[in-house]
Amino acid sequence: MGCCQSKRSKTTAWCKELTVLASGTPFTVSEVEALHELFKKLSSAVIGDGFISKEDLQFALFRNNNKKNLFVNRMFDLFDVKCNGVIEFGEFVQSLGVFHPNAPVEEKIYFAFRLYDLRQTGFIEQEELKEMVVALLQESDLELSDDVVQTVVDKTFSDADSKDDG
């Protein structure tokens, strides 16, 4: 039984909230309901206060909360739209919308750009790309020499920097 088939007024308010969230994202109401179940699990992974903390996200993505992670920090910052130190359910749904198959490609590109624009300058610099690549390699327990990492970064920039302005 879906949320909107219940007769309780408390449930009706919840259905309205789900419908509003669905209308502002590529998700259906049923998908938003499923995301709520996921949100409840994630928000209780470490702290259990009904919000997703950075520690909850770290644990959910990498099954540890022991070490700092640049990727987790960036994802958290992008999902924490209100910049209040936690991810609320609405922010969670809105932010995940970019990963939906029906989300516009422009939104996906913009999200990826913001992920790698570490200093939020409106540009992705070679050093920012290198920081992110190194962080992801470390988290994945993959080791590449500095020369190989630099070659990847240089090649990426030569392919992507259409203005040749670095």
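The structure is a predicted model in which local features need pLDDT of at least 70 and side-chain atom pairs count only at pLDDT 80 or more, while totals for chains, interfaces and linings use all residues. Residues are numbered from 1 along each chain as its sequence is written, and side-chain values use heavy atoms, with hydrogens and water left out.

Q: How many helices and strands are there in the protein?
A: Helices (H or I, at least four residues) and strands (E, at least two) are taken as DSSP runs, numbered from the N terminus. Read along the sequence, the protein follows the pattern α-α-α-α-α-α-α-α. The count is therefore 8 helices and 0 strands.

Q: What percentage of the 166 residues in the protein is buried?
A: Buried means under 20% relative accessible area, exposed over 50%, and partly exposed in between, with a 1.4 Å probe and protein chains only. The C-alpha atoms fill a box of roughly 65 × 35 × 25 Å, taken along the principal axes. Of the 166 residues, the buried share is 33%.

Q: Where does UniProt place the feature "domain: EF-hand"?
A: The UniProt entry is unreviewed; its positions are given in the numbering used here, feature names are shortened, and annotations may be inferred rather than shown by experiment. In the model, residues 67-102 are 50% helix and 0% strand, with end C-alpha atoms 34 Å apart, and residues 104-139 are 72% helix and 0% strand, with end C-alpha atoms 29 Å apart. The record places the feature at residues 67-102 and 104-139.

Q: Is phenylalanine 111 buried or exposed?
A: Phenylalanine 111 is found in helix α6 (residues 105-116). Not counting residues up to four places away in sequence, phenylalanine 111 touches Met75, Leu78, Phe79, Val98 and Phe99, and its C-alpha atom is separated by 8.2 Å from that of leucine 78, 33 residues apart along the chain. Because its relative accessibility is 8%, phenylalanine 111 counts as buried.

Q: Which residues is histidine 36 in contact with, leaving aside its neighbours within four places in sequence?
A: Histidine 36 is found in helix α2 (residues 29-43) and is buried, with a relative accessible area of 19%. With those sequence neighbours left aside, its contacts are Trp14 and Phe89.

Q: How many disulfides does a search of the whole structure find?
A: A disulfide is taken as a pair of cysteine sulfur atoms within 2.5 Å. Cysteine 15 is buried, with a relative accessible area of 5%, whereas cysteine 83 is exposed, with a relative accessible area of 65%. The number of disulfides found in the whole structure is 0.

Terms used. Contact = heavy atoms within 4.5 Å.
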